[in-house]
Amino acid sequence: MTRPDYIQKKVDELSGEGRIAKEGYEERELKKTDQGRKFREHLQKDEQKAMDKHGEAVCYGCLKKDFALSTLLYCCSDCMRKRGTVALYAIVTRKPAEQVCDFCGRWQKPFDTFQINCSMCNTCMHRVHVFHSEYKKAGGRKSNPFVRRMRKKYGKDYKKILGNGSRTIGI
Ligand SMILES: [Zn+2]
Ligand SMILES: [Zn+2]
C-alpha cells in the first residue's frame, strides 16, 4: 500500500518511535478521510484481513479488542503457544531460574518462562494484580516448591547448610 505524502512525512518523523507508534498514527489518519474510512471498512469486514495490530489494542490475556495497557509479564511456553503472536509485541528475555507464570499461576522449570511485552485489558490487568498480591502474601519467591522442599528438609538455614562446604574451602 502506498501512503499519501502527508502521512509518509509524519511517518518519517516518527520513525524513531517504533512500529506501534507508526501503525497507530496511520490508523488514526485513515479514519479522518472518507476514502480512508471506506478502505478501512472494506478491510475490517473481511475476518481474515481485519487489522488487529493497529490503533485498537488486542488483549494478550483474552484476545478481546478493548482499551488496553502494555506491560512486562512472565509467561510460560505453554501459555504462549495457546495465545499465538497476534498481541505479542516482544520477547524480552528467557528466565534461567524457576519462575511462576502470570497467566496460569504455576511454577515452571528453569528456562521455561519468558518475560514478554504485551497489552492487557482492564479485566486481565486486575486479574494479574490480584494474583501478584496473593503471590506476595504467600512469601514471593519463598513459595517456590524447590525452596519449600529444602526448607522442610534442612530447616530455614538451608542455604548455609547446602552452601557451607563450597564456600569455606581454603578460607
Ligand atoms: Zn483481557
Ligand atoms: Zn502459564
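**View 1. Strands β1 and β5 pair in the antiparallel sense over nine bridges.** The model is predicted. Strand β1 covers residues 68-76. Opposite C75 stands F114 of β5.

**View 2. Strand β2 is joined to β5 by five bridges.** Residues 88-94 form β2, and the pairing is antiparallel. Two pairs can be picked out here. L88 has C118 of β5 as its bridge partner. A90 is partnered by N117, also in β5.

**View 3. Three strands make an open sheet in the order β1-β5-β2.** The pairing is antiparallel. β1 and β2 are the edge strands, and each has a single partner strand, so one side of each lacks a neighbour in the sheet. On average, neighbouring strands are turned by 30° against each other, direction ignored. In a regular strand, side chains alternate between the two faces of the sheet.

**View 4. Strand β5 is largely enclosed by the rest of the structure.** Why is β5 described as largely enclosed? Seven of its nine residues are buried. A residue counts as buried when 20 or more other C-beta atoms lie within 10 Å of its own. Across the protein chain of 171 residues, buried residues make up 16%.

**View 5. Helix α5 lies across β1 and β5.** The helix spans residues 122-137. Strand β5 covers residues 113-121. At what angle does α5 run to β5? The angle is about 135°.

**View 6. F111 sits in the loop between β4 and β5.** Strand β4 covers residues 107-108. F111 is not a glycine, yet its phi is positive, at about 65°. Most residues other than glycine have a negative phi. Is F111 buried or partly exposed? F111 is partly exposed, because 13 other C-beta atoms lie within 10 Å. The buried class would need 20 or more.

**View 7. The protein chain holds seven helices and five strands.** Along the sequence, the pattern reads α-α-α-β-α-β-β-β-β-α-α-α. Take the contacts with a separation of 6 or more in the protein chain: residues 24 or more positions apart account for 60% of them. Among the elements in this chain are β1, β5 and β2, the strands of the open sheet. Another is α5, the helix lying across β1 and β5.

Terms used:
Residues numbered from 1 in each chain as written. Chains lettered and ligands numbered in written order. Predicted model: local features only at pLDDT ≥ 70, side-chain atom pairs only at ≥ 80, totals over all residues. Helix = DSSP H or I, 4+ residues; strand = E, 2+ residues; numbered from the N terminus. Buried ≥ 20, exposed ≤ 12 C-beta atoms within 10 Å, placed from the backbone. Contact = placed C-beta atoms within 7 Å. Pairing = 2+ DSSP bridges. Axes fitted to C-alpha atoms, helices over the stretch in contact; angles between N-to-C directions.
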